[in-house]
Amino acid sequence: MKPLCCAEGRGLKAESYSLLSRPLLFALGSLPFLGLGMAQNASAPDNTTDPLWMVGIKAFLVVFGLLTAFAYMTLIERRLLARIQIRQGPNRVGPDGLLQPVADAIKSILKEDIVPKAADKVVFWLAPMISVTFALLTFGLIPFGPKHAFFGFDPWLINLDVGILYVFAVSEIAVYGIFLAGWASNSKYSLLGSLRSSAALISYELALGMSLLAPVVLVGSLNLQAIVEWQNTNGWLILYLLPAFALFVIAGMAEAARTPFDLPEAEQELVGGYNTEYSSIKWALFQMAEYIHLITASALIPTIFLGGWRMPGFLTAIPFIGGFFALPYLWMFAKIALFLFFFIWVRGTFFRLRYDQLMRFGWGRLLPMALGWFLIVAAVVAFKMPLAVLGWLSALALIVFSVYVVMGARSSQPARRVVRPGVGD
Amino acid sequence: MAVNFWEILGAVLLIGTSIMVVRLQNAVHAAIALIANFLVIAAVYVSLEARFVAMTQIIVYGGAIVVLFLFVIMLLSAAKASVGQDLLPGLQAPALVGALGLAAVLIYALTHFQAPANPPALNGGLAQALGPLLYSPERWLYALLVVGFLLLVATVAAVVLVEPERITRSTEHPAHPSAGAQPTPKNEKEAVRR
């Protein structure tokens with residue numbers, strides 16, 4: 001098979017590795033310390049930071065917790081999908097299938113690790129590393145409670161004043177994992193799959209950023225904790241920014257490559273996409289990165305729109321038992337679980353978009369809507385209108401959307417497909 | 001001037017990745033080195049209390065621009081550059097002169113630069129500090145508008161380049177055969193506008 005990307009085969013030749021390739025690996029391998037260094041440099045609003053050893057312990061806890069959550073997310077997702085599709089799901093390994101992730105992990109590690117002969121070995125190895133590293137880097141930003149709630153230390157890893165920008169920076173770099181994986185495999189399917197999925201990811205990144213501009217402008221800060229505090233005094237942002245919330249959830253689903261947008265691994269029609277040539281633990285690392293993106297998105301959405309780690313305000317008003325609900329961490333975990341369930345539910349309900357539908361939806365619908373809503377919010381902030389205006393506008397948007405859906409369902413017609421040469425996959 | 005370990009490490013990484021960008025023979029490897037270079041530059045910005053610029057550096061350059069480089073490299077089969085071929089042989093002597101001149105300027109700047117005694121509080125170079133400067137009419141609002149207009153002109157030009165048929169049909173010139181294979185300037189300008 002003639003490689004698509006090169007004039008001649010890009011086999012592993014000794015001279016194609018200049019000596020400089022090795023330092024490149026070390027430079028990239030040291031990148032996680034960028035985040036750690038920022039933790040030290042970050043100016044927390046009151047300039048108190050945890051000691052370095054505590055940051056290390058918390059970093060270990062975050063990574064360990066995320067990897068465990070990833071393992072059990074696979075089991076929970078398979079069981080839930082099975083339930084939606086009226087079948088049993090994995091229930092043989094251990095009680096109720098609880099040891100299935102362990103079996104899967106052992107299987108992934110022990111399987112033969114096949115590297116294609118014509119693959120670019122260094123980049124082939126580097127791509128899953130980039131994917132999983134940059135997937136892990138975001139979660140430390142999420143605040144899980146008030147200050148000093150973690151045994152006297154802060155229940156977050158890093159407190160950046162540019163928090164949301166950091167999220168975007170990390171998720172932009174994470175695209176390279178998919179991108180380079182497809183190229184390094186030296187296979188047409190992989191390259192096409194990776195070009196297609198990285199184009200989709202970059203397109204939805206725009207809508208993601210535009211939808212987050214609304215809360216940033218309204219709160220006046222990029223810091224996640226400032227956003228949580230603002231919601232404590234003014235009410236949850238979903239009440240004021242319902243369209244931004246909906247757009248962010250949809251775009252976040254696309255960023256995590258979940259089912260309506262899971263073109264990166266469309267296994268039925270495209271033999272997998274970017275990870276076609278990957279096997280064994282490297283393939284598992286890509287899966288890991290994808291699920292960690294999902295978990296991070298499920299933590300980010302409630303932090304920005306649903307009050308963060310705080311409980312719903314009306315619960316404290318209940319006499320006698322109101323204080324019972326004020327357990328630390330409980331609400332954050334509950335909200336994360338809620339969104340994880342929602343994402344699995346969506347996967348069990350919707351089917352995959354075609355590539356042209358995906359791009360048309362991202363550029364033609366999501367981006368203009370996010371931009372329009374941002375303009376409205378900016379106008380409300382600029383003319384110092386009361387917050388209730390945004391609440392009413394959100395309700396109006398909900399009504400308009402409902403009418404649109406109902407009318408669209410009534411006059412349903414087959415989707416128009418615009419075929420343009422050179423566009424699409 | 002006290003130079004600590006991290007500054008030396010940053011300088012070594014910057015120079016090392018820059019050399020790799022130029023010297024690596026595989027264009028994709030060079031692009032990866034460019035990403036590493038941008039990330040180290042962002043780290044330098046962070047150490048200079050300019051976190052907003054650091055994050056923008058990663059998002060715009062490390063994210064968008066290099067992705068477009070990679071798209072072009074992969075789609076135009078340019079991954080394997082011809083090795084040892086000097087495409088512009090006449091440029092070596094002028095390049096040497098330019099490099100020496102740059103070195104002279106840099107050495108002069110290093111030895112003669114006086115740091116301002118009391119730099120204004122940048123507040124991490126946050127949006128709250130940068131925004132009023134960029135968008136106030138007394139400062140750089142008009143410069144910003146002019147830059148935006150220039151990018152718009154470039155985008156329109158790129159659109160014209162990508163879709164030549166509609167233009168050429170009226171003037172009855174045949175479409176340029178390779179014009180369809182250049183969709184990238186448009187994307188690049190769009191990325192810059194982000």
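# Chatting through chains A and B

Me: What are α3(A) and α14(A) to each other, oblique or what?
Reply: They're oblique to each other, because their axes cross at roughly 45°. Keep in mind that this is a predicted model.

Me: Ok, within how many Å do the axes of those two come?
Reply: The axes of α3(A) and α14(A) come within 10 Å.

Me: Which residues make the contact?
Reply: From α3(A) you have A:Met73, A:Glu77, A:Leu80, A:Leu81 and A:Ile84. On the α14(A) side, look for A:Leu340, A:Ile344, A:Arg347 and A:Gly348.

Me: How does the contact of α3(A) with α14(A) split by class?
Reply: Six of the residues are nonpolar, one is polar and two are charged.

Me: New pair. At what angle do the axes of α10 and α12 of chain A cross?
Reply: Roughly 165°, and those axes come within 10 Å. Helix α10 is residues 242-255 and helix α12 is residues 280-305. With that angle, α10(A) and α12(A) are therefore roughly antiparallel to each other. Their crossing is right-handed.

Me: Which residues of α10(A) and α12(A) make that contact?
Reply: α10(A) brings A:Phe245, A:Phe248, A:Val249, A:Gly252 and A:Glu255. α12(A) brings A:His293, A:Ala297, A:Ile301 and A:Phe305. They divide into six nonpolar, two polar and one charged.

Me: Let's zoom out. How many helices and strands does chain A have?
Reply: Chain A has 16 helices and zero strands. Its 425 residues are 44% buried.

Me: What share of the contacts in chain A between residues at least 6 apart in sequence join residues at least 24 apart?
Reply: For chain A it's 79%. The corresponding figure in chain B is 57%.

Me: Which residues touch the most other members in the largest nonpolar core?
Reply: A:Leu165, A:Leu180, A:Ala207, A:Leu241 and A:Leu247, out of 144 residues in that core. α6(A) gives the largest share of the core, with 17 residues.

Me: What is A:Leu180 in contact with, leaving aside neighbours within four places in sequence?
Reply: A:Leu180 is in contact with A:Val123, A:Leu126, A:Ala127 and A:Ile130.

Me: Changing topic: what's the phi of A:Asp96?
Reply: Near 60°, which is positive in a residue that isn't glycine. As a rule, most residues other than glycine have a negative phi.

Me: Where does A:Asp96 lie?
Reply: In the loop between α3 (52-84) and α4 (100-110) of chain A.

Me: Why does A:Asn186 count as buried?
Reply: Because A:Asn186 has 25 C-beta neighbours inside 10 Å, and the cut-off for buried is 20 or more.

Technical notes
Residues are numbered from 1 along each chain as its sequence is written. Chains are lettered from A and ligands numbered from 1 in the order in which they are written. This is a predicted model: local features need pLDDT of at least 70, side-chain atom pairs count only at pLDDT 80 or more; totals for chains, interfaces and linings use all residues. Axes are lines fitted to C-alpha atoms, for helices over the stretch in contact, and angles run from 0 to 180 degrees between N-to-C directions. Helices (H or I, at least four residues) and strands (E, at least two) are DSSP runs, numbered from the N terminus. Angles under 35 degrees count as roughly parallel, over 145 as roughly antiparallel, 65 to 115 as roughly perpendicular and the rest as oblique. A crossing is left-handed if the near helix is turned anticlockwise from the far one by less than a right angle, and right-handed if clockwise. Two residues are in contact if their C-beta atoms, placed from the backbone, lie within 7 Å. Ala, Val, Leu, Ile, Met, Phe, Trp, Tyr, Cys and Pro count as nonpolar, Asp, Glu, Lys and Arg as charged, and the others, Gly among them, as polar. A residue is buried if 20 or more other C-beta atoms lie within 10 Å of its own, exposed if 12 or fewer, and partly exposed in between; C-beta atoms are placed from the backbone. A nonpolar core is a set of buried Ala, Val, Leu, Ile, Met, Phe, Trp, Tyr and Cys residues joined through C-beta atoms within 7 Å.
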